[in-house]
Amino acid sequence: MPIKAERTVVPIYVAQRENPPVPIQYAGTAFLIAPCLLVTCWHCVSAPLPEDQGYLGCFESESSYVDWLENISQDSNGSDLATANVRAEPGTRFQLATTRALQGADVTTFGYPFSGLKRVEPGRNIATWEPRLFKGYITRTFSFSSPQNAPAPAYELSFPAPKGLSGAPLIELGTPRVLGVVFGNNDVAIAEHLAEVDAFGNRTPEVQRIISFGLAHHTNVLLKLAGSATGKKALADIVR
């Protein structure tokens, strides 16, 4: 029987399969969208691991309840999303948005960027969580592509998404509706000073400033998400 999780949005670690588990490396953020069903980004859990290691979800703080992610698989549609099974049900129940968000929609997200490890004694580490809340709005919807993934609709956000926030739910502000999943940044370079050569041949290089906009997988991509943990069914067909 699944335990009722204290945390619906959780950090994921690569860990040694011991009793208790030994965390090795922080991997990203994930969230329970339904009992025993976890959603995250594929790039957070795609690295193959040896048999004595696994991906571990941390669902409680004080009791340190953890569970191994099972049936991990990439979205069968090829997106950078993944599903997994865990023995936990969400303490706070999210809803799956059925319509896309409009430009300017107020959104929020919660995750664990900058999490890592702390050495407590020789040869023993513990996980250190760095929970952070972000609020902003959707600046635009556009088709985003990367060397790893084909073009797909994405939301650009008014706030940056630090490393480790990938896999966090993008939530419509003031509601429990999940609009998408945070996965990275769109870095835009702006020239603050153009290159110049003066009368004496002295060259002043161009100065650029980088502005980072967070990115989230679009609602339509999330609705179609399917994998081993969903029984190959689209998320929209099993989460109401």
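Visitor: Between which two strands is C36 found?

Guide: C36 is found in the loop between β3 and β4. Helices (H or I, at least four residues) and strands (E, at least two) are DSSP runs, numbered from the N terminus. Residues are numbered from 1 along each chain as its sequence is written, and the model is predicted, so local features need pLDDT of at least 70, side-chain atom pairs count only at pLDDT 80 or more, and totals for chains, interfaces and linings use all residues. Side-chain values use heavy atoms, with hydrogens and water left out.

Visitor: Is K232 buried or exposed?

Guide: Buried means under 20% relative accessible area, exposed over 50%, and partly exposed in between (1.4 Å probe, protein chains only). K232 has 60% relative accessibility, so it counts as exposed. C36, at 26%, counts as partly exposed. Across the chain, buried residues make up 44% of the 240 residues.

Visitor: How is a sheet read, and what is the strand order in the open sheet of 7 strands?

Guide: Two strands pair if DSSP finds at least two bridges between them. Here the order is β6-β5-β2-β3-β4-β8-β7, with antiparallel pairing. β6 (66–68) and β7 (70–74) are at the edges with a single partner strand each, so one side of each has no neighbour in the sheet. Within the sheet, β2 and β3 run antiparallel and are joined by 8 bridges; P11 stands opposite T29 in β3.

Visitor: How are the rings of Y13 and Y26 arranged?

Guide: Rings of Phe, Tyr and Trp (its six-membered ring) pair if their centres lie within 6.5 Å; planes under 30 degrees apart count as stacked, over 60 as edge-to-face and the rest as tilted. The structure holds 7 aromatic pairs. In one of them, the ring centres of Y13 and Y26 are 5.4 Å apart and the planes are at 70°, so the pair is edge-to-face. Y13 is in strand β2 and Y26 in strand β3, 13 residues apart. Y13 counts as buried at 1% relative accessibility, and Y26 counts as buried at 14%.

Visitor: How is a nonpolar core read, and which members of the largest one touch the most others?

Guide: A nonpolar core is a set of buried Ala, Val, Leu, Ile, Met, Phe, Trp, Tyr and Cys residues joined through side-chain atoms within 4.5 Å. The largest has 45 residues, and I33, F59, L222 and L235 touch the most other members. Its largest share, 6 residues, comes from β3. A second, separate core has 15 residues, including V107, Y155, V182 and A216.
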